[in-house]
Amino acid sequence: MELALLQSQINPHFLYNTLDTIIWLVETGKNEQAVEMVTSLSNFFRSSLSQGRDIITLGEEEIHVRSYLEIQQFRYQDILDYEIQMDEEIYGYIIPKLTLQPLVENALYHGIKNKRGKGKILITGKKQGDKIIFQVIDNGKGMTEEELNSLRKKMAGTDTGDEAKGFGVSNVNQRIKYYYGGEYGVFFESKENEGTNATIIIAAKNIQLLS
């Protein structure tokens, strides 16, 4: 149910804005870019649906995040750069669907869009022992100590004020703990006017566990 809520929160708003951008590209004669954006949108929703599975491979999750960023870079090309650095060895491991995208969306809308000039989102993923560690790093607006503490309380479920704010990342944190255990989850570090680093830690479970 929580996954369905997260999907319903993200998809309609994102879809409408993307379709508006595609219409604008076609109307201005940028047909090649429109085709590229439609392809990215198709890849995004194909990986979102993932044949009804709630657990997908990291290779599929990477495609989902890359498609999302390709689309957003069309819309925010003046302010957004991004880079994805994931070790290929982790692609066969599994992860709850929609783990990385809400963190990337958070970095874009609360970090990059709120700073002056162009910003960058870096996504990394690697295996360390029996864990897989991701980082979503942005050099955006960052958070004050008060804002960071408030976000951490929302992540822990001890702050229910303004429930819409931080819903996506809190949901990710809760689902990771549900699937993997209390020691895993999402952990934030941030400095005002410098940026934010979201670290996601999951257990390294391989593709055979899908069956």
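## Close-up views of a predicted model

View 1. Helices (H or I, at least four residues) and strands (E, at least two) are DSSP runs, numbered from the N terminus. This is a predicted model, in which local features need pLDDT of at least 70 and side-chain atom pairs count only at pLDDT 80 or more, while totals for chains, interfaces and linings use all residues. Residues are numbered from 1 along each chain as its sequence is written, and side-chain values use heavy atoms, with hydrogens and water left out.

**View 2. Strand 5 meets strand 7.** Strand 5 (residues 131–138) and strand 7 (residues 195–203) pair over 8 bridges in the antiparallel sense. Look for Phe-134, which stands opposite Ile-200 in strand 7.

**View 3. Helix 5 has a buried side.** Helix 5 (residues 145–156) has 12 residues and reaches 16 Å from its first C-alpha to its last, close to the 16 Å expected at 1.5 Å a residue; the expected span is 1.5 Å times one less than the number of residues. Leu-148, Leu-151, Lys-154 and Met-155 are buried in helix 5. They cover an arc of only 120 degrees around the axis, so they sit on the same side of helix 5; the arc is that of the directions from the helix axis to the C-beta atoms. The face turned away from the buried side carries the exposed residues Glu-145, Glu-146 and Ala-156. Buried means under 20% relative accessible area and exposed over 50%, with partly exposed in between (1.4 Å probe, protein chains only). Just after helix 5 comes Gly-157, with a positive phi of about 80 degrees.

**View 4. Helix 3 covers residues 58–75.** The 18 residues of helix 3 should span 26 Å at 1.5 Å a residue, and its end C-alpha atoms are 26 Å apart, which agrees. Among the buried residues of helix 3 are Leu-58, Val-65, Tyr-68 and Phe-74.

How values were computed:
Pairing = 2+ DSSP bridges.
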